[in-house]
Amino acid sequence: MSANLANLESHLATRSYVEGYTPSQADVVVYKAISSAPDASAYPHVSRWYNHIKSYVSEFDSLPGSSKAGEAFLGGSAPAPQEKKKDEDDEDVDLFGSDEEEDAEAERIKAERVAAYNAKKAAKPKTVAKSVVTLEVKPWDDETDMAKLEESVRSIEMPGLVWGASKLVPVGYGIRKLQITLVVEDDLVSLDDLQEKVAEFDEYVQSSDIAAMQKL
């Protein structure tokens, strides 16, 4: 079934697409009904739309929406508009308006495509960068209460910080250090800030070091 180009020309005179503000299945069904590129002199708006939709051919199957709105423009092509008499043509000649209208239309189409791209990009979930960190905390001596030391360290709360498993590792002379695993969101947690907070528990903590770090 062919498309009714006269009706489509009138419809597209004030629109960029058959339906809505982005390409859809309504555009696809009408595009497929047009066997060859429309005559730009007889159907300038259809020609502009046809060339634009042609750039989406590889994406036809994934375009959203229904073809129902486009079916209203199927059912045969009306004859091309009759040419005006020569004297009438001379009276209607606009030497500058045509280019300005085409530029404005091209800018409008470009803006709509950019807006559609940005909306699609914004809808994609953002990947949160995370790291697994092994933190080592050394006490002052073998008499330091390691249970209290660990309790103090775990009391630190920061957005994007999750404490994990821990163990006590011998370092010599009866002294053991706390080795604790944590997961951090890279954009939210500064390891320097975290170590400064750990150092505030100077009753138990002598020093701390980042023993290992791996991106998730």
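**Exercise 1.** Are Y31 and Y50 buried or exposed?

*Solution.* The model is a predicted one. Buried means under 20% relative accessible area. Y31 has a relative accessible area of 11%, so Y31 is buried. Y50 is buried as well.

**Exercise 2.** Describe how the rings of Y31, Y50 and F60 are arranged.

*Solution.* A pair of aromatic rings is described by the distance of the centres and the angle of the planes.

Step 1. The count of aromatic pairs comes to two. One of them is formed by Y31 and Y50, with 4.7 Å centre to centre and 20° between the planes. Planes under 30 degrees apart count as stacked, and this pair is stacked. Y31 sits in helix 2 (residues 25-33) and Y50 in helix 3 (residues 44-54), 19 residues apart.

Step 2. Y31 also pairs with F60, at 5.4 Å centre to centre and 75° between the planes. Planes over 60 degrees apart count as edge-to-face, and this pair is edge-to-face. F60 lies in the loop between helix 3 and helix 4 (68-71) and Y31 in helix 2, so the pair ties together parts that are 29 residues apart in sequence.

Step 3. F60 is buried, with a relative accessible area of 7%. Y31, Y50 and F60 form one aromatic cluster.

**Exercise 3.** Which residues of helix 1 (residues 5-12) are buried, and what covers them?

*Solution.* Step 1. The buried residues of helix 1 are L5, L8, E9, H11 and L12. Their arc around the axis is only 165°, so they are on the same side of helix 1.

Step 2. Helix 2 and helix 3 are among what covers these buried residues.

Technical notes
Residues are numbered from 1 along each chain as its sequence is written. This is a predicted model: local features need pLDDT of at least 70, side-chain atom pairs count only at pLDDT 80 or more; totals for chains, interfaces and linings use all residues. Side-chain values use heavy atoms; hydrogens and water are left out. Rings of Phe, Tyr and Trp (its six-membered ring) pair if their centres lie within 6.5 Å; planes under 30 degrees apart count as stacked, over 60 as edge-to-face and the rest as tilted. Helices (H or I, at least four residues) and strands (E, at least two) are DSSP runs, numbered from the N terminus. Buried means under 20% relative accessible area, exposed over 50%, partly exposed in between (1.4 Å probe, protein chains only). The arc is that of the directions from the helix axis to the C-beta atoms. Contact means heavy atoms within 4.5 Å.
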